[in-house]
Amino acid sequence: MDAKALKIEAARAALGYVESGMRLGIGTGSTAEEFVRLLAEKVAAGMKVIGVPTSERTAALCRELSVPLSTLDETPELDLTIDGADEIDPALSLVKGGGGALLREKIVAAASARMVVIADQTKLVDALGRFPLPIEVNPFGLKATEIAIAKAAAKLGLSGPLVLRKTGGETFVTDGGHFIIDASFGRIPDTRALSDALHAIPGVVEHGLFLGLATVAVIAGTDGVKTVHPTR
Ligand SMILES: O=C[C@H](O)[C@H](O)[C@H](O)COP(=O)(O)O
């Protein structure tokens with residue numbers, strides 16, 4: 001089974017968490033897109049849900065497939081968010097933001113009673129940090145913010161390249177108008193300490209560590225789909 005097929009299997013299994021009448025946070029990325037496609041089939045068959053998309057990209061796909069949408073301002077409390085991840089550890093701490101949507105994803109997940117993460121088995125890790133950590137920053141004072149990130153990381157014994165994300169040769173700009181610095185720190189032993197240190201930097205808007213947000217992960221592998229609960 002190829003990676004796309006595994007993503008579809010995880011997305012299909014996550015549909016089991018969706019009930020008619022729910023207010024849904026809808027994630028971003030290739031796995032979340034498979035979920036949107038399957039959700040659209042359920043909606044066409046009569047399921048009543050209202051979705052809050054976590055990116056303009058997801059919003060466009062939902063509109064194309066006639067999945068009813070709301071905004072977080074109109075619908076500020078959600079029953080469930082379904083989203084992908086770049087890395088998932090045994091506590092269900094996540095790295096997200098490979099697609100640049102981490103800020104809206106985190107706001108939506110925090111407004112949801114539950115968050116189901118969908119992924120193929122390659123996303124499971126023993127410790128977060130193999131995937132570069134996306135850090136969303138304000139364009140103002142970019143260099144100063146980068147220096148502050150490096151200093152904060154060094155205090156925690158972390159170091160590595162900080163790379164301003166580009167796409168097609170241009171600086172990548174998030175839906176919120178911010179930039180992303182991808183931080184290759186390697187293994188992050190204390191994710192909470194790094195999260196707190198990054199939040200203390202004024203130019204950092206948000207980062208891609210999702211701690212204590214995911215309630216369950218639905219992981220598709222070559223031997224089937226399994227449900228993972230956080231080990232705390
Ligand atoms: O910003 C993007 C999101 O955090 C995605 O959920 C994450 O990058 C995983 O994406 P994919 O399902 O394409 O691997």
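Biologist: Which ring does the charged end of Arg 165 sit over?

Modeller: In this predicted model, the charged end of Arg 165 sits over the ring of Phe 172, at 5.5 Å from the ring centre.

Biologist: And what about the charged end of Lys 96?

Modeller: The charged end of Lys 96 sits over the ring of Phe 210, and the distance to the ring centre is 5.6 Å.

Biologist: How many aromatic pairs does a search of the whole structure find?

Modeller: Zero aromatic pairs are found when the whole structure is searched.

Biologist: What does Val 18 touch, leaving aside residues up to four places away in sequence?

Modeller: With those left aside, Val 18 touches Leu 24, Phe 35, Leu 39, Met 47, Val 49, Leu 80 and Ile 82.

Biologist: Now the ligand. How many residues surround it, and which are the closest?

Modeller: The ligand is surrounded by 16 residues, and the closest are Ser 30, Thr 31, Asp 86, Glu 105 and Lys 123.

Biologist: What lies 2.6 Å from an oxygen atom of the ligand?

Modeller: That is a polar side-chain atom of Thr 31. A polar side-chain atom of Lys 123 lies 2.7 Å from a ligand oxygen atom. Gly 97 instead places a backbone N or O atom 2.8 Å from an oxygen atom of the ligand.

Biologist: Moving to the backbone, what is phi of Ser 66, and what of Leu 92?

Modeller: Phi is near 60 degrees for Ser 66 and near 65 degrees for Leu 92. Each is a positive value in a residue other than glycine. Most residues other than glycine have a negative phi.

Biologist: Where are these two residues found?

Modeller: Ser 66 lies in the loop between H3 and E3, and Leu 92 is in the loop between strand E4 (87–88) and strand E5 (94–95). Ser 66 counts as exposed, with 53% relative accessibility, whereas Leu 92 counts as buried, at 1%.

Biologist: And why does Ile 107 count as partly exposed?

Modeller: Ile 107, in helix H4 (residues 102–110), counts as partly exposed because its relative accessibility is 45%. Ile 107 and Thr 54 are 53 residues apart in sequence, with their C-alpha atoms 8.5 Å apart.

Biologist: Finally, where is Gly 212 found?

Modeller: Gly 212 is in the loop between strand E13 (209–210) and E14. It is exposed, with a relative accessible area of 52%. Its C-alpha atom is separated by 30 Å from that of Lys 166, 46 residues apart along the chain.

Definitions and conventions:
Residues are numbered from 1 along each chain as its sequence is written. This is a predicted model: local features need pLDDT of at least 70, side-chain atom pairs count only at pLDDT 80 or more; totals for chains, interfaces and linings use all residues. Side-chain values use heavy atoms; hydrogens and water are left out. Rings of Phe, Tyr and Trp (its six-membered ring) pair if their centres lie within 6.5 Å; planes under 30 degrees apart count as stacked, over 60 as edge-to-face and the rest as tilted. A charge sits over a ring if NZ of Lys or CZ of Arg is within 6 Å of the ring centre and within 35 degrees of the ring normal. Contact means heavy atoms within 4.5 Å. A residue is near a molecule or strand if one of its heavy atoms lies within 4 Å of it. A polar contact is a pair of N or O atoms within 3.5 Å; within protein, one must be able to donate a hydrogen and the other to accept it, and residues adjacent in sequence count only if both atoms are side-chain atoms. Helices (H or I, at least four residues) and strands (E, at least two) are DSSP runs, numbered from the N terminus. Buried means under 20% relative accessible area, exposed over 50%, partly exposed in between (1.4 Å probe, protein chains only).
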